[in-house]
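Here is a short briefing on one protein chain. Look over the sequence and the structure first.

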Amino acid sequence: MAINREWHEKHRMPKNPTKDERLQWHIEHAEHCNCREMPERLKREIQNLREIQNLKEKKI
Ligand SMILES: [Zn+2]
C-alpha cells in the first residue's frame, strides 16, 4: 500500500466532516492515494450519488 504523503498534507479530513465532505474526501483520496481501501458502504453511497447525478443530467 503506497501512501501519497504530499496529498494527505494538503487534504486533511475536516474535524467534524459532513457526509458530503467525507464522501468528497474519499473520492479524491481514491484518485490520488491508495494507503487504504474505501469502505464498502462509502463505495455504495458514491454509486448512488452518481446514479442520482445521471438522472438529473438526463432530466427524467
Ligand atoms: Zn491515503
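The protein has three helices and zero strands. Its radius of gyration is 13 Å, well over the 10 Å that the globule rule gives for 60 residues, so the protein is more spread out than a compact globule.

**Fold and shape**
- Read from the N terminus, the elements run α-α-α.
- The C-alpha trace spans about 40 × 25 × 20 Å along the principal axes.
- Buried residues make up 0% of the 60 residues in the protein. To count as buried, a residue needs 20 or more other C-beta atoms within 10 Å of its own.

**Helix 3**
- Helix 3 covers residues 40-58, which is 19 residues.
- At 1.5 Å a residue, helix 3 should span 27 Å. The C-alpha atoms at its ends lie 27 Å apart, so the model agrees with that expectation.

**Confidence**
- The mean pLDDT of the protein is 92. A score of at least 70 is reached by 98% of the residues.
- Helix 1 (residues 5-10) has the highest mean pLDDT among the elements, at 97.
- Helix 3 has the lowest mean among the elements, at 92.
- Where pLDDT is low, predicted coordinates should not be read in detail.

Terms used: Residues are numbered from 1 along each chain as its sequence is written. This is a predicted model: local features need pLDDT of at least 70, side-chain atom pairs count only at pLDDT 80 or more; totals for chains, interfaces and linings use all residues. Helices (H or I, at least four residues) and strands (E, at least two) are DSSP runs, numbered from the N terminus. The radius of gyration is taken over C-alpha atoms; the globule rule is 2.2 Å times the number of residues to the power 0.38. A residue is buried if 20 or more other C-beta atoms lie within 10 Å of its own, exposed if 12 or fewer, and partly exposed in between; C-beta atoms are placed from the backbone. The expected span of a helix is 1.5 Å times one less than its number of residues. pLDDT is the predictor's confidence in each residue, from 0 to 100.
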